[in-house]
Amino acid sequence: MSAAVGWSRREFLKVSAVAGGGLMLGVRLGSAAEPAGPFRPNAWITIGTDGGITLVSHRNEMGQDVHTSLAMLLAEELAVSPQRVSVAEAPPDPVYLNKLMGAQITGGSTSIRDAWLPLRRAGATARTMLVAAAAGRWKVPAAECRAENGTVVHGDKSYAYGELAAEAAGQPVPREVPLKSASDFSVIGTALPRLDAADKARGRTLFGIDVQQPGMVHAALAQCPVLGGKVASFDAGGVQSRPGVRKVVDIGEGVAVIADHYWTARLALADVKITWDEGPAAKLDTAAIYAALEAAKDEAGALIRQAGDPAEVFSRSQPIQLWYQSQMLAHVSLEPPNCLARVSGDGVDVWTSTQFPQGARSIAAQAAGVEAERVRIHPQFIGGGFGRRLDVDFIGQAVAIAKQLPGVPVKTIYSREDDVTHDFYRPPSLHRMRAVLDGGKLSALTLTMISPSITQRAFPGAVKDGKDGFMTEGLVDFTYDIPNLELRTVIREVGIRVGYWRSVSNALNAFAIESFVDELAHTAGRSPVDFRAELLSSQPRQKAVLLRAVKESGFSTEAGPGRAFGIASMQCYETHVALVAEVSGTANKLKLEKLTYAVDPGIAVHPDQIVAQLESGAVSGLINAVRSKVTVKHGRVEQSSYDSFPIPRMAEMPRTEVVLMPSGDPPGGMGEVGVPLVAPALANAVFALTGKRIRSLPLEDGGVKFA
């Protein structure tokens with residue numbers, strides 16, 4: 001079975017515009033009179049006359065396996081094996097806009113959700129045009145032909161796609177194309193090895209930091225230790241004349257040494273004497289940051305959801321009120337920020353790892369003083385993004401440095417210390433939670449989340465009426481049915497720059513909500529599972545994953561001495577998930593034994609990828625939960641590397657089990673789903689084991705110690 005799905009007017013116009021030759025990559029409709037060439041039916045596909053198939057990936061690969069999953073969508077409808085599909089990163093172009101994000105961005109667990117129909121439609125369009133080309137050769141109706149394993153077949157005759165590429169390019173672009181139904185999928189839902197696994201395993205994959213160009217030199221950059229500070233003056237002394245040093249440059253927010261080799265640049269930079277203008281943030285510290293949040297506790301902020309009248313319930317019954325606090329975090333991706341840039345009369349070339357090619361082009365143009373059209377972005381594999389590479393500050397810096405040596409490619413690399421001390425940090429947050437229990441049932445609940453707004457900094461035009469769409473994550477899709485409910489967010493800037501961190505506000509809100517619900521269940525004298533399940537009576541998918549996680553994990557409120565379970569549940573990125581954490585030991589020597597996820601991802605496009613994403617999400621969740629934090633003193637971030645910002649070691653990782661419960665709904669997001677529930681599930685397990693309720697992250701600051 002199949003269904004005809006047409007291009008929307010907007011999408012059709014995009015294709016048409018590309019066909020007119022106005023955009024860098026897109027449809028070029030050839031004609032039979034043109035010489036044989038590649039077949040490019042749309043912006044995502046090229047089929048060469050040699051049969052080579054290339055997917056132009058409009059989302060960047062940063063370890064999340066998007067290349068394989070996107071190739072599977074294309075291959076399903078194009079009727080080829082995904083292994084035949086080569087993948088190339090797309091440059092900045094409006095045709096690659098992420099409709100769920102409003103820009104050409106990789107993030108927000110949107111890649112598959114955004115591509116689910118358009119990329120399949122792209123494959124189906126190419127398939128239809130190839131079939132039409134073959135039918136034309138055979139002079140038979142296209143309906144008598146079929147696409148099969150990279151060929152078009154009619155009876156006992158067949159043509160390979162490559163043989164048809166030139167003629168297919170002369171076919172009209174169909175306005176409607178049939179898409180397969182789920183029952184006909186032969187690629188989607190299968191266990192497929194990652195397309196990039198072999199190259200990565202053999203060290204052949206080039207990440208941004210690996211890229212080289214002829215004549216390339218290196219730069220090391222010293223930035224003001226106080227965020228937002230600038231260079232007041234500097235004395236390069238004899239550094240400039242050292243062997244291998246090309247130039248010492250001031251870019252305002254820092255001083256860079258350009259040298260033939262990176263280590264030469266770093267050693268020389270250490271001897272440059274810099275006087276800093278530390279700016280207004282020089283007196284900032286952690287206590288002041290949280291005091292600023294607390295000062296906003298009575299502000300109305302933005303109303304996100306409301307049902308019934310909680311105020312009326314609170315007027316009759318004194319509510320239970322508790323506060324929850326989440327810490328600031330750095331990204332510490334394995335590949336630190338880096339960028340290779342060349343500024344010449346021919347324009348600007350930028351080779352870098354970015355989640356935001358459009359932003360990269362914009363800031364590169366600004367730094368070089370040229371029009372954006374003269375900037376060429378060459379996206380590279382990303383060695384861990386987690387939201388850090390949605391910011392493009394390091395790209396602007398690299399271009400400003402390279403501008404000092406016209407025509408010479410200059411690679412600027414952050415050290416790990418640069419990375420940690422000059423990050424865009426996960427926002428600190430406070431949550432005021434209030435609720436009334438009536439006969440063991442939850443009759444009213446209010447939540448006020450107070451936090452700086454990332455979006456107000458990065459995309460100020462996207463914040464309307466005090467509402468940041470990323471702060472509302474975990475609130476707009478609140479799953480519990482509570483008769484009297486009010487959810488609000490309050491934006492309060494605190495003087496530190498904040499950025500998107502894996503799962504963004506889903507993690508902040510999940511920690512407060514799932515910890516508070518657990519406390520309410522305990523206060524009511526009820527099982528945390530039964531208490532939640534009752535609140536999910538109109539949420540069958542969410543209730544199903546909750547109960548499956550309980551079943552598969554062996555969850556029990558009476559696990560026995562030295563052993564306990566904690567549970568948490570939520571919907572995020574259109575995926576339903578529940579998590580059980582099992583712990584053992586004592587408060588002074590806790591061990592996380594096991595994490596059990598139950599997940600309803602809708603259609604599971606690439607099941608192995610989903611499992612991998614949840615396993616990696618567990619690692620990020622533990623960074624969030626156990627001991628990692630960013631603190632500030634005298635305007636300086638106190639952590640600088642993995643020794644002061646510890647991440648889980650392999651020996652600390654628990655056994656992680658993932659139970660997939662795919663439904664027939666469209667695919668949900670997966671890149672960040674594994675993160676938010678780790679902290680509340682673990683905190684709830686810690687309470688069940690030790691009796692300690694810890695309402696502030698990281699948990700080790702609450703008087704427990706993980707072994």
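Tutor: Happy to. Let's begin with helix H10 (residues 357-368) and helix H11 (residues 393-402), which in this predicted model pack with their axes 8 Å apart, at an angle of about 30°. An angle under 35 degrees counts as roughly parallel, and H10 and H11 are therefore roughly parallel to each other. The crossing in which H10 passes H11 is right-handed. On the H10 side, the contact is made by Ala360, Ile363, Ala364, Ala367 and Ala368, while H11 brings Asp393, Ile395, Gly396, Val399 and Ala400. Sorted by class, this contact of H10 with H11 has eight nonpolar residues, one polar and one charged.

From H17, the residues Gly617, Ala618, Gly621, Leu622, Asn624 and Ala625 meet Val678, Ala679 and Leu682 of H18. The class count for H17 with H18 is six nonpolar, three polar and no charged residues.

Following the chain past H18 brings us to backbone geometry. Most residues other than glycine have a negative phi, and most peptide bonds are trans. In the segment after helix H18 (678-690) lies Pro698, and the peptide bond that joins Leu697 to Pro698 is cis, with omega about 5°.

Two positive phi values are worth a look as well. Ser503, in the loop between strand S23 (484-491) and helix H14 (504-523), has a phi near 85°. Its relative accessible area is 0%, so Ser503 is buried. Val504 belongs to helix H14 and has a positive phi too, near 45°. With a relative accessible area of 7%, Val504 is buried.

Finally, a word on confidence. The protein averages a pLDDT of 93, and 95% of the residues score at least 70. Residues 1-35 are a stretch to read with that in mind: pLDDT stays under 50 there, and the model has 70 contacts beyond four places in sequence for these residues.

Key: Residues are numbered from 1 along each chain as its sequence is written. This is a predicted model: local features need pLDDT of at least 70, side-chain atom pairs count only at pLDDT 80 or more; totals for chains, interfaces and linings use all residues. Side-chain values use heavy atoms; hydrogens and water are left out. Axes are lines fitted to C-alpha atoms, for helices over the stretch in contact, and angles run from 0 to 180 degrees between N-to-C directions. Helices (H or I, at least four residues) and strands (E, at least two) are DSSP runs, numbered from the N terminus. Angles under 35 degrees count as roughly parallel, over 145 as roughly antiparallel, 65 to 115 as roughly perpendicular and the rest as oblique. A crossing is left-handed if the near helix is turned anticlockwise from the far one by less than a right angle, and right-handed if clockwise. Contact means heavy atoms within 4.5 Å. Ala, Val, Leu, Ile, Met, Phe, Trp, Tyr, Cys and Pro count as nonpolar, Asp, Glu, Lys and Arg as charged, and the others, Gly among them, as polar. pLDDT is the predictor's confidence in each residue, from 0 to 100. Buried means under 20% relative accessible area, exposed over 50%, partly exposed in between (1.4 Å probe, protein chains only).
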